[in-house]
Amino acid sequence: MAERGAIESWERNPRTHLLGRNELAGRFGAVFSVVVLLLLVLSAGARAAGEYEHNDSRETAFGPLAGGTWYTAGFETDNDVDWFVFYIKTYSQMDFSAGIAGSACCDQALLTLYDKDGKFVDDFFSGELNEVRHLYLTLPAGRYYFEVSYGDTGNRYKFRIDPAASITTSRECGEALVAKEAVVPLLADANQDLAKNAETLATRAEAVHEAKKDLRRASKKAKRLRQKVKRLRRHGPWGWRLRRARAKLDRIRGEVRGAVEGVHRARERRQPVWEERVQLEAVANQHQQEIAGADGQIAAHC
């Protein structure tokens, strides 16, 4: 009955059914167009993102890189720059190589090497088509960055770092190496300051020692004169020898007071050197503990 009713309805007004079908087709076509457009946008976005994006700054550098591995990437825009980070484990002779990727000729890429603080180390251009160029450097352990630039939109490049044995892909290992390399020179400076302090302290301590010797000599003179004055008093209070001994004793007492002041001055000059030594020893001990902690991280992760 429902089928017969539908047939009768179509026979009475076939135009209404045709319009319904056309409307459904139009809606389907619109949805299909939107889906295709979204796929195209996503596809274009994926191509624009590049292999290692977003790595347009030192803070967002891709890595850590592995050694002995070719990395291939391209420039998404004329002003595009790519940053990469890697860690060297030990003082090593490094070989950095770079060339153009792909079969078409294109401009060379400029590879600029920076240290952990973003200070320029060296740079070189990649080789041209079917050519690889090298940069050989002897570098200490630490964190380094490559900035790749100077390319036009669509140009592609490749590069690698050798030897692989000198590179670690563990960020924990790399940062422990960076921490140790940062503290080692500080400890060396602290030890050097301690050595200078020891020389100054020895000089100041010798001055205190000499001041004490002067005080002992003056004290002995004063003691002998006091004993002499006592003996002379037994022969009478007004003898010229007694008067001369008392005058001499007064002068020696002045020497004693001067010697006491000399000891105080020598000690005062020595005191800040002692305080500086205590501070330097504390700094050196702190750096030694930091190195020990870094060595523990290196042993665990490297």
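Reply: Start with the term: on a 1 Å grid over the protein atoms alone, a cavity is a set of points where a 1.4 Å probe fits but cannot get out, and its lining residues have an atom within 4 Å of a point. This is a predicted model, where local features need pLDDT of at least 70 and side-chain atom pairs count only at pLDDT 80 or more, while totals for chains, interfaces and linings use all residues. Residues are numbered from 1 along each chain as its sequence is written, and side-chain values use heavy atoms, with hydrogens and water left out.

Me: Why roll a probe at all?

Reply: Because a probe the size of a water molecule, rolled over the atoms, shows where empty space is left.

Me: Which residues line the largest cavity here?

Reply: Phe 75, Gly 99, Ile 100, Asp 107, Gln 108, Ala 109, Ser 126, Asn 155, Arg 156 and Tyr 157. The elements giving two or more residues to that lining are β3 (92-100) and β8 (156-162); strands here are DSSP runs of E, at least two residues, and helices are runs of H or I, at least four, numbered from the N terminus.

Me: How much space lies in the largest cavity?

Reply: About 30 Å³, where volume is the space filled by probe spheres set on the points, joined across faces, edges and corners. The structure holds one cavity of 30 Å³ or more.

Me: And what secondary structure does the chain have?

Reply: Four helices and nine strands, in the order α-α-β-β-β-β-β-β-β-β-β-α-α along the sequence.

How values were computed: On a 1 Å grid over the protein atoms alone, a cavity is a set of points where a 1.4 Å probe fits but cannot get out, and a pocket is an open set with protein on both sides within 12 Å along at least five of seven lines; lining residues have an atom within 4 Å of a point.
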